[in-house]
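Let's take a friendly walk through one protein model, stopping at a few local details along the way. Please have the sequence and the 3D view open.

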Amino acid sequence: MAEIRQVDGRPVIDYLARDYESLLAAMRDLIPQKLPEWQDFANEADFGNVLLELFAHMGDILSYYTDRVANESFLGTAQTRTSVIEHLRLIGYELGTAAPAATTLTLAVPGSVTSTVTVNKGDAFATKSQKDRPAVRFEYTREAPLVIDFSTLTPDPVTGRKVFGIAQGGIPVEEGRLIAGELLGTSDGTPSQRFPLAHPGLVLRPPGPPGQTSRDVLLTTQLGTTVDSWTLRDSLAFSEAGQKDFAVEVDADDRATIVFGDGGFGAIPSQGTVIRATYRVGGGLAGNVPANVVTTIVNAPQLALLGATATNPSPATGGADREDIDHAVQHAPAVFRSLRRAVTAADYQALAQSFKGVGKVRAVATGWNRVTLYVAPEGGGKVSDVLEANLIGYFEDKRMLSQLIEVSDVDYVPVYVTAEIAVESFYVTADVVDQVRQAAAALLAFDRVDFGQTVYLGRFYEAVQDTPGVVYVNITEFRRADRPVPAVDPLGKLSLGANEIPVIPADADYASGLRVVLVSQGGQ
């Protein structure tokens, strides 16, 4: 409640109390001093009370907007994605869009096939749709067609089929869908024209070196028989007059807009010019599918006619949801300090961390002119060829001329934990076991671990013992996968190397977080 204090004989209102109840109480406290003839103000039906409640309500609303304006005016306190986007644009930092997962497919055809087949950009493959999970689409995204000559392959002696597999390079694919030649509209010749893309969820990686057209958004204009290609830039601030550049702005709802120049910074499309865009949509953690699930040939009739089958021997990795505002606020200052130039290992690490699809990264100078990036894709797993190529291309105009960049996988260390637990008789045992596993899994979740982290036995004891329904716990196994003995580390901690990250084992008994051994059971 607001308090009216006497200062030098005058009433002073606490202006920090600005909610409805406080404002209403403060105004009622002033009635005896300001309007002593109003004696019946305690009556709720009094018209004066109606007015006070109305003023308190309006004051509460105005106070809310005043606070919101103050909060959204600073990057550190802003809560809405729109405000964070606008703040970071002042330092040239764009929030990352969702990143697509990538994998490599193997292709098998009947042993009698001797023809040559071409895989083109946009040829699509997918997982099978399930009752609670839609199909995930993957496409071949490289500009250069992939030519496969099956006459050079030998049939497998067991299956009798010819396999174009990882040894031959496979078919690199990315999750998402190609939107080809979308008509955006016609230029009216005015400066700073804006054309929204029809499909949300644009996949937008940072442009490469100056002069290199982004392969994520290809923009063409046509006036009569003249067709021009335009170049995507981070910003039009450094584009010259007449230079055919454009920028892309993505709003808080993942809707992308093409932005042209004003004639001084970037060219203006001539009046009557027809504008078309080719781009990709998709991305997200849903693309990180397991191995051997991308088995449907969706849009590659030349392969289907051969009786081909496809699969992904390794999981798809690198898929990431759009950059959240907490990540942006944390990493944007480091990117700004680097001036988007990679000189020190810290610069490489900050810039690589801002690249969508990279979950964790450690940069190490491994030579006088060589930097190695140890990369864990978003969600874990190995670095795909697509992510590696994109990441190296991203640094092409940021590294020093003589600097060489290598991308390496991190070393994942499975942590084996077995816990003996007793469950209270009035708890459902299966529910308690599930909660124990979830609590243990949270300790080794990808977002909660890091390079060289020490894993403590005590944390597992705390997590399990704090689970409702657990009477007691005794951990009989706590070790690294590569060290079978002792079963429980005598120091109660597992130390990891600089390039190692702890993970949950893939073994079925441990894949839920840990292996549970019931000492006694409660209700069923």
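Asn-292 lies in the loop between β16 (274-281) and β17 (294-299); helices (H or I, at least four residues) and strands (E, at least two) are DSSP runs, numbered from the N terminus. Asn-292 is not a glycine, yet its phi is positive, about 60°. At 49% relative accessibility, Asn-292 counts as partly exposed; buried means under 20% relative accessible area, exposed over 50%, and partly exposed in between (1.4 Å probe, protein chains only). Ser-192, in the loop between β10 (177-186) and β11, also has a positive phi, of about 55°, without being a glycine. With 39% relative accessibility, Ser-192 is partly exposed.

Most residues other than glycine have a negative phi, and most peptide bonds are trans. Val-485 and Pro-486 are joined by a cis peptide bond, with omega about -5°. You will find Pro-486 in the loop between β24 (470-480) and β25 (493-494).

## About the model

This is a predicted model, in which local features need pLDDT of at least 70 and side-chain atom pairs count only at pLDDT 80 or more, while totals for chains, interfaces and linings use all residues. Residues are numbered from 1 along each chain as its sequence is written, and side-chain values use heavy atoms, with hydrogens and water left out.

## Helix α5

Helix α5 has 13 residues (325-337), which at 1.5 Å a residue should span 18 Å, and its end C-alpha atoms are 19 Å apart, in agreement. The expected span is 1.5 Å times one less than the number of residues. The helix bends by about 35° at His-331, and Pro-333 follows within four residues; the bend is the angle between axes fitted to the seven residues ending at a residue and the seven starting there.

Asp-324 caps the N-terminal end of α5, with a side-chain oxygen 3.2 Å from the backbone nitrogen of Asp-326. Which residues of α5 are buried? They are Ile-325, Ala-328, His-331, Ala-332 and Val-335. These buried residues pack against α3 (81-89) and α6 (345-353), where contact means heavy atoms within 4.5 Å. After α5 comes Leu-339, whose phi is positive, near 55°.

## Aromatic rings

The whole structure holds 9 aromatic pairs. Rings of Phe, Tyr and Trp (its six-membered ring) pair if their centres lie within 6.5 Å; planes under 30 degrees apart count as stacked, over 60 as edge-to-face and the rest as tilted. Phe-426 and Tyr-427 have ring centres 5.1 Å apart and planes at 40°, so this pair is tilted. Phe-426 is exposed at 63% relative accessibility, whereas Tyr-427 is partly exposed at 30%. One aromatic cluster is formed by Tyr-348, Phe-355, Tyr-394 and Phe-395.

Charged side chains also meet rings here: the charged end of Lys-360 sits over the ring of Phe-446, 4.9 Å from its centre, and Arg-479 lies over the face of Tyr-416, at 4.6 Å from the ring centre. A charge sits over a ring if NZ of Lys or CZ of Arg is within 6 Å of the ring centre and within 35 degrees of the ring normal.

## A buried phenylalanine

Phe-195 is in strand β11 (residues 194-196). Is Phe-195 buried or exposed? At 8% relative accessibility, Phe-195 counts as buried. Not counting residues up to four places away in sequence, Phe-195 touches several residues, among them Leu-184, Thr-257, Phe-260 and Ile-275.

How values were computed. A polar contact is a pair of N or O atoms within 3.5 Å; within protein, one must be able to donate a hydrogen and the other to accept it, and residues adjacent in sequence count only if both atoms are side-chain atoms.
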